[in-house]
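I opened this entry to keep track of what I looked up, in the order I looked it up. The sequence and the structure come first, and my notes follow.

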Amino acid sequence: MTADELAKRQAIIDACRRMNALGINQGTSGNISVRHLDGLLVTPTSVPYDAMTPDQIVFMAMDGSHAPGQKPSSEWRFHRDILKSRPDVNAVVHAHPTFCTILAILGMEIPPVHYMIAAAGGDSIRCAPYATFGTAELSEHALRALEGRLACLLDHHGMIAVGKTLDKAMWLAVEVETLARQYHGCLQIGKPPLLSSAEIERVSQRMAGYGMSEG
Ligand SMILES: C[C@H](O)[C@@H](O)[C@@H](O)C(=O)COP(=O)(O)O
């Protein structure tokens with residue numbers, strides 16, 4: 001294994017632990033992948049993050065094949081399908097953050113209640129329809145909800161954030177959960193006024209090149 005591959009494997013494990021420490025995920029929920037060579041490195045299924053070791057991270061080819069004996073995440077399909085179809089994306093973070101999941105259970109998308117929604121690539125964060133975890137159907141729904149976007153909710157499930165780098169995908173995952181919490185809070189008081197699509201477009205242009213929001 002090259003030093004570069006080992007560093008990527010360790011970065012994935014560190015990000016998994018950070019997801020739980022940040023409170024945007026819990027237990028063995030969630031999974032992370034990073035593009036590597038002509039395939040991807042993806043977390044193993046149901047391994048507690050504190051016990052996860054670099055050798056357990058699975059290298060998967062784009063046809064879904066991997067070394068025998070390795071156990072990729074049950075969600076490898078949407079990781080593989082996103083990285084295969086989105087050349088702008090090099091990292092995929094899936095988590096079960098509480099406020100994103102509350103909205104997703106209700107099948108709600110996040111509207112433009114705050115200008116930071118532009119960081120997710122548009123004026124809404126869509127909610128992909130429900131499908132059983134790990135299925136090709138869930139992957140299809142997720143890909144559609146991510147069209148032109150860097151994040152989506154998954155009905156009765158959680159959230160996906162993607163980025164050019166793992167750091168950017170992780171940053172966005174926290175931003176999306178913050179937006180979900182803000183929207184949920186607004187709904188306790190009333191119907192929040194929304195920013196216009198034109199304003200979100202203006203924000204997107206100003207954000208281009210701004211720190212972590214890029215890509
Ligand atoms: C059953 C799993 O929790 C599933 O919901 C999946 O989406 C998940 O978050 C963790 O699955 P893996 O441990 O298989 O990556």
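**Sheet, helices and ligand**

I began with strand β2 (residues 39–42) and found that β2 pairs with β3 in the antiparallel sense, over 4 bridges. This is a predicted model, so I checked its confidence before going further. The mean pLDDT of the protein is 96, and 97% of its residues reach 70 or more. I also noted an ipTM of 0.95 and a pTM of 0.96.

G39 has A61 in β3 as its bridge partner, and V42 has V58 in β3.

I then turned to the faces of β3, which spans residues 58–61. V58 and M60 lie on its covered face, while F59 and A61 lie on the uncovered one.

On the other side of the pairing list I looked at strand β1 (residues 31–36). β1 and β2 run antiparallel and are joined by 4 bridges. S33 stands opposite V42 in β2, and H36 stands opposite G39 in β2. I put the entries for these two β2 residues together: V42 faces S33 and has V58 as its partner in β3, whereas G39 faces H36 and has A61 as its partner in β3.

For helix α3 (residues 98–105), I listed the buried residues: F99, C100, T101, L103 and A104. Their cover includes β5 (127–128), β6 (151–154), β7 (158–163) and α5 (166–189). After α3 comes G107, with a positive phi near 70 degrees.

Last, I looked up the ligand. Which residues surround the ligand? They are T28, S29, G30, N31, T43, T45, S46, S73, S74, E75 and F133. I sorted this shell by type and got 1 nonpolar, 9 polar and 1 charged.

Definitions and conventions:
Residues are numbered from 1 along each chain as its sequence is written. This is a predicted model: local features need pLDDT of at least 70, side-chain atom pairs count only at pLDDT 80 or more; totals for chains, interfaces and linings use all residues. A residue is near a molecule or strand if its C-beta atom, placed from the backbone, lies within 6 Å of it. Ala, Val, Leu, Ile, Met, Phe, Trp, Tyr, Cys and Pro count as nonpolar, Asp, Glu, Lys and Arg as charged, and the others, Gly among them, as polar. A residue is buried if 20 or more other C-beta atoms lie within 10 Å of its own, exposed if 12 or fewer, and partly exposed in between; C-beta atoms are placed from the backbone. Two residues are in contact if their C-beta atoms, placed from the backbone, lie within 7 Å. Two strands pair if DSSP finds at least two bridges between them. pLDDT is the predictor's confidence in each residue, from 0 to 100.
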